[in-house]
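Student: I have a structure open and would like to go through it piece by piece. Can we start with the charged side chains?

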Amino acid sequence: MLRRLGFGEAKAAEVVAGAAVAVAADATTPPLVHWCLALLALVVALLLLLLQETRKLAAAFALVSVAEDRRERQAAEEKRLKTIESIRLSHDSHDAHLSKVAVASAQLTGAIDKLERLAADAKWTEAGELLARCEEAVMATFATAKAPTVSAEVQAAASRLREAIAPGGSLCKVHARSETCRRALVDLTTDADWTLSSHKDGTRVQFRRSETALAIKVDALIDGVRPADALYVWRETSLYHKWFPMVTSSTELLAINEADSLLHLEMDNWVAYNDMAMNGWGCDCLSKDGYILLVVRPITQADVPAGVTVPERKKLRRLLPSARVEAVIDVLVEPLSASSVRFAYSLTIPLASTVPAWAVNFILSEACANIFSNMREQAKKMAAQSPDSAHLKQAQTAEGRVLTAWLDARIDPYVAVLSGRA
């Protein structure tokens with residue numbers, strides 16, 4: 001009770017002892033009562049002091065536990081980085097003649113074949129690097145030799161490359177997507193120019209403001225989930241309204257393939273009605289750098305294939321006018337083990353510098369702070385085969401089984417290597 005009134009252990013002991021002395025000073029108090037009160041004061045003082053020392057000991061043990069946990073995580077991280085380097089070396093050795101060195105003109109045909117495989121596998125950063133070397137090889141060949149002296153095979157390969165990178169070609173997205181990935185990685189992996197908003201329960205929220213936009217970055221280490229399940233939650237765009245903060249409706253407009261999707265999200269609350277029409281796609285860098293990058297960019301009707309309709313913006317009036325948000329979203333997914341994943345999430349939205357601080361704080365606290373805890377809950381429901389898991393039900397459909405098989409085939413072997421099981 002004394003502690004509830006704001007007393008520390010030492011102060012509480014002093015109060016009890018003082019009360020005992022006051023009673024003992026009363027000449028009318030029987031001697032036996034004096035002895036009992038003195039004994040009570042001594043016992044209470046000892047108990048409170050013991051409690052104080054116990055708390056100190058518990059705090060010391062907690063510090064030791066944190067230090068040991070930090071050492072274990074550091075050792076695990078060093079082991080993981082060595083494994084990734086081993087994977088990368090093994091990966092590069094398969095095509096040593098095409099990796100990180102200039103592509104000879106005679107190798108163009110094989111290099112273009114590999115480029116098309118990389119693009120089909122959503123390995124955009126690797127494809128971008130190889131495409132740059134192929135273009136350098138073509139330029140070098142035709143700069144140092146006249147067309148008649150260039151072999152027919154090399155001329156055919158150069159023509160094939162030009163057609164592939166032209167609009168509609170098999171490699172037409174490589175330049176743009178590899179550059180988008182490069183820029184996203186800089187933002188997701190560095191803290192320069194970011195301001196810390198909160199750091200709680202392992203989740204860190206940072207932000208950056210300009211005259212026209214607000215950028216938010218959230219990073220966290222999530223334990224207790226399968227990396228493949230976590231990625232399935234992110235990829236299943238039709239279920240964002242089940243977990244993503246502020247999203248009230250989500251629709252997949254078109255599944256281009258397992259790593260590419262067109263989606264429409266709605267956010268309806270008392271402040272405003274907003275929606276987003278977006279293209280989300282992935283970049284698989286597991287075998288090269290140990291991560292998967294998810295990229296989401298705004299789209300219009302002109303950006304989608306024939307037969308796909310981007311919904312019109314609803315003109316609903318809340319506290320603020322309705323708006324279609326031109327958001328830019330990037331997510332870095334880094335599997336650490338069979339049951340842990342590191343995430344970094346970046347969201348940039350148009351926001352004038354005149355928008356008040358309370359509105360920014362609302363976005364930071366409501367739109368971002370709970371992203372990973374919500375995602376973790378959904379992924380754990382999937383792993384536990386929970387009957388109320390919407391993601392599990394979707395994963396058991398024909399389309400869901402194709403997607404889960406695609407994710408498992410890429411992530412599980414990588415995690416097995418990290419864990420030393422392969």
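**Salt bridges and surfaces**

Tutor: Searching the whole structure, which is a predicted model, turns up 22 salt bridges.

Student: Which residue does Asp260 meet at 3.9 Å?

Tutor: That one is Lys173: the two side chains form a salt bridge at 3.9 Å, N to O. The pair links distant parts of the chain, since Asp260 is in strand E5 (residues 260-268) and Lys173 is in the loop between H5 and helix H6 (174-189). They are 87 residues apart.

Student: Is Asp260 buried or exposed?

Tutor: Asp260 counts as buried, because its relative accessibility is 3% and buried means under 20%. Lys173 counts as partly exposed, at 37%.

Student: What about Asp260 and Arg177?

Tutor: Their side chains also meet in a salt bridge, at 3.1 Å, N to O. This pair links distant parts of the chain too: Asp260 belongs to strand E5 and Arg177 to helix H6, 83 residues apart. Arg177 is buried, with a relative accessible area of 8%.

Student: How do Asp289 and Lys288 meet?

Tutor: Through their side chains, in a salt bridge of 3.2 Å, N to O. Lys288 counts as buried at 13% relative accessibility, while Asp289 counts as partly exposed at 24%.

Student: Which residues are linked in a network?

Tutor: Asp191, Arg204, Lys217 and Asp219 are linked in a network of salt bridges.

Student: New topic. How many residues does helix H5 have?

Tutor: H5 has 14 residues, running over 152-165. From its first C-alpha to its last it reaches 20 Å, close to the 20 Å expected at 1.5 Å a residue.

Student: Which residues in H5 are buried?

Tutor: Val154, Ala157, Ala158, Leu161 and Ala164 are buried in H5. Seen down the axis of H5, the buried residues fall within an arc of 125°, so they line one face of the helix.

Student: Why would residues three or four places apart point the same way?

Tutor: Because an α-helix has 3.6 residues a turn.

Student: And which residues are exposed on the other side of H5?

Tutor: Ala152, Arg162 and Glu163 are exposed there.

Student: Which residues form the nonpolar patch on the surface?

Tutor: The patch is formed by Leu39, Leu42, Val43, Leu46, Leu47 and Leu50. Together these residues have about 590 Å² of accessible area.

Student: Where does Leu47 lie?

Tutor: Leu47 lies in helix H2, which covers residues 31-94. Leu47 counts as exposed because its relative accessibility is 52%, and exposed means over 50%.

Student: Last one. Where is Arg297?

Tutor: Arg297 is in strand E7 (residues 291-298). At 22% relative accessibility, Arg297 counts as partly exposed.

Student: What is Arg297 in contact with, leaving aside neighbours within four places in sequence?

Tutor: With those neighbours left aside, Arg297 is in contact with Thr180, Ala277, Met278, Asn279, Ala327, Val328, Ile329 and Asp330.

Student: How many residues apart are Arg297 and Asn279 in sequence?

Tutor: Arg297 and Asn279 are 18 residues apart in sequence, and in space they are 5.4 Å apart, C-alpha to C-alpha.

Notes. Residues numbered from 1 in each chain as written. Predicted model: local features only at pLDDT ≥ 70, side-chain atom pairs only at ≥ 80, totals over all residues. Heavy atoms only, no water. Patch = residues over 30% accessible without salt bridge, like charges linked within 9 Å, V, L, I, M, F, W, Y side chains within 5 Å. Areas by Shrake-Rupley, 256 points an atom, 1.4 Å probe, with all protein chains shown as cover. Salt bridge = Lys/Arg side-chain N within 4 Å of Asp/Glu carboxyl O. Helix = DSSP H or I, 4+ residues; strand = E, 2+ residues; numbered from the N terminus. Buried < 20%, exposed > 50% of the residue type's maximum accessible area, 1.4 Å probe, protein only. Expected span 1.5 Å × (residues − 1). Arc of directions from axis to C-beta. Contact = heavy atoms within 4.5 Å.
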